[in-house]
Amino acid sequence: MKITNVIEANGLTKMFGDFTAVNAITFEVKKGEIFGFLGANGAGKTTAIKMLIGISIPTSGAAKVAGYDVFTQAEDIKKNIGYMSQKFALYDDLTVKENITFFGGIYGLSKSRIKEKTKELLEDLGLEDVASQLVGSLPLGWKQKLSFSVALIHDPKIVFLDEPTGGVDPITRRQFWEMIYRASSQGTTIFVTTHYMDEAEYCDRVSIMVNGKIEALDTPKKLKEQFHADNMNDVFLKLARG
Amino acid sequence: MKRFIGFVTKEFYHIFRDRRSLFILFGMPIVQILLFGFAITNEINNVNIAILDHSKDANTQEIINKISASKYFSINQLIERESDIEAVFKKGQVKAVLNFEKDFSKNLIKNRQATVQIITDATDPNTANTITNYVSSILQNYQMEQNKAVKINYVIGPQPRMVYNAELKSVYMFVPGVMTIILMLVSAMMTSISITREKELGTMEILLVSPIKPLLVIIGKVFPYIFLSIVNAIVIVVLSIFIFKMPMQGSLILLALESILFILSALSLGILISTVSATQQTAMMISLMGLMLPVILLSGFIFPISSMPLPLQIISNIIPAKWFIIILKGIMLKGVGIQFIWKETLILLGMTVFCLALSVKKYKIRLE
């Protein structure tokens, strides 16, 4: 069986008036891959993600996510993806358990399935003791891990992470990436944006966006060779400076 | 449906775990209704007055007795000299002084006319006015009794009779107004804040990425507030009937239906506000300035619309609260049925449909 692509974008473009936020990007992401989506602020990353997760209609081009068309099958896409934003959006005034139950319910999980998932998730994260505490009282790192687990609650094919490690200490970031690896090894595709170039090294493949275009796309190793750089940071700087 | 229940449950957690919103929801109506009912009032009760009786005869004594027998006045002191009048006013002990002229009875018999001067403290013009009216009516009453005994002159005097609120109880006027304000506050402000809070926290984005329908998100967020608004309306009506003896002439069912209609119009305004504001603070400011102030100032709740300048009178027509207050007063005080308030109801319905349509249209299904 050949490796299937879970994301295929072909000339995907988004215009806001005269401004082209995303300029005909073409790429594919394979199943189970950890795909790093890099770019400076304002390069068009967030806009591109929004088109892929079905909350923004592309101006032109084509894209399929989890086998569904972004133009016509946004609802099907939503059922098959998870999403975690840089704000780790959970409800602070709900307990850990209530948050899990709520988001499970939103994704249409049955009561028994939610129960199962809650138990599994709390064990995995070691959060059993604080299950009945308000999320607002948890440290940022825990919220972030919980948020990631919640994004995976319905076993999505792809999970989109938009700068998931912002404002988190290096140790927690490390642990977070271990969670990402674990999810990836279980077959979940990871689509992640980040500002940290050391994190880019952890990805299977990396694309770098500059001014709405994808200027480079390959494994970190090959990118470093291509740009004669020691690390991803240099690759990024070379590209971003033009 | 299961998703919807989960959503509403979550919304109730938000409300019950936030002390501030709980206070606004349940403390405010009670505090406001009690405040308006007891403290802020146009009525006079046991107003202290002083008497300066230059005549001290049978007639003046009868009048004085009549006045002190009424529940409106209590005679605080008797003074002897004109020069004392200013002194008692300055001390602030009395609100009015009745000054009977010399030879009151004699004049009354000889000239068929005698004078009593009513001097009021007009630093509070409304009260002064009311006192004058009340005293005049007591005097007129006395005069009529006298004339009946003598049976001679035909005195044709107007005899005003206030209907629907004969005792001019101000609480009758305030209850519909307070109810309107509370429903507006709870429905419009609280919903707009709770929706913008999700935007601010970023959870709205998560919800939009989930398979749950955007419309369901909004209905789920609004639903608890419909429920709470109805509870509030019931609390207000019960309080006003049992504590302030407000009459409930009309049909309770009609009142309930009209209230729900108004709640819906307020909710749609709340949703509309949430679509144009990015933060909770903006939502609150817009609700306060854009909704509460017009409701208080232009709805006819405190200031009569008919005495406003024409432009304001015209503006007052686009305020749903104005129509709701007319409806409330009609049902509660006059006991009218739908045949007398269908026009107002239709206007309110039109406004609700318009706002709902607009807010659903404006509500951005896709976060841009």
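How many residue pairs are in polar contact between chain B and chain A? Keep that in mind as you open the structure, which is a predicted model. The count is eight residue pairs.

**Stop 1: where the two chains meet**

Colour chain A and chain B separately, then select the residues in contact.

Next, look for charged partners. The interface of chain B and chain A holds one salt bridge. To see it, show the side chains of A:Glu98 and B:Arg17, where N and O are 2.7 Å apart.

**Stop 2: a serine beside chain A**

Select B:Ser210, in the loop between helix 8 and helix 9 (214-242) of chain B. Is this residue buried or exposed? B:Ser210 counts as buried because its relative accessible area is 1%, under the 20% cut-off. Leaving aside residues up to four places away in sequence, B:Ser210 touches A:Lys78, A:Ile106 and A:Tyr107. Within chain B, a polar atom of the side chain of B:Ser210 lies 2.6 Å from the backbone oxygen of B:Leu207.

**Stop 3: another serine in a loop**

Move to B:Ser55, which you will find in the loop between strand 1 (47-53) and helix 3 (58-69) of chain B. B:Ser55 has a relative accessibility of 17%, so this residue counts as buried too. Show its surroundings: beyond residues up to four places away in sequence, B:Ser55 touches B:Thr60, B:Phe100, B:Glu101, B:Lys102, B:Asp103, B:Phe104 and B:Ser105. One to zoom in on is B:Phe104, whose backbone nitrogen is 3.0 Å from the side chain of B:Ser55.

**Stop 4: the annotated spans**

Finally, select some spans of chain B that an unreviewed UniProt entry lists under "transmembrane region", including residues 251-276 and 340-360. Residues 251-276 of chain B are 96% helix and 0% strand, with end C-alpha atoms 38 Å apart. What do you find over residues 340-360 of chain B? This span is 100% helix and 0% strand, and its end C-alpha atoms lie 32 Å apart.

Definitions and conventions. Residues are numbered from 1 along each chain as its sequence is written. Chains are lettered from A and ligands numbered from 1 in the order in which they are written. This is a predicted model: local features need pLDDT of at least 70, side-chain atom pairs count only at pLDDT 80 or more; totals for chains, interfaces and linings use all residues. Side-chain values use heavy atoms; hydrogens and water are left out. UniProt positions are given in the numbering used here, feature names are shortened, and annotations may be inferred rather than shown by experiment. Helices (H or I, at least four residues) and strands (E, at least two) are DSSP runs, numbered from the N terminus. A salt bridge is a side-chain nitrogen of Lys or Arg within 4 Å of a carboxyl oxygen of Asp or Glu. A polar contact is a pair of N or O atoms within 3.5 Å; within protein, one must be able to donate a hydrogen and the other to accept it, and residues adjacent in sequence count only if both atoms are side-chain atoms. Buried means under 20% relative accessible area, exposed over 50%, partly exposed in between (1.4 Å probe, protein chains only). Contact means heavy atoms within 4.5 Å.
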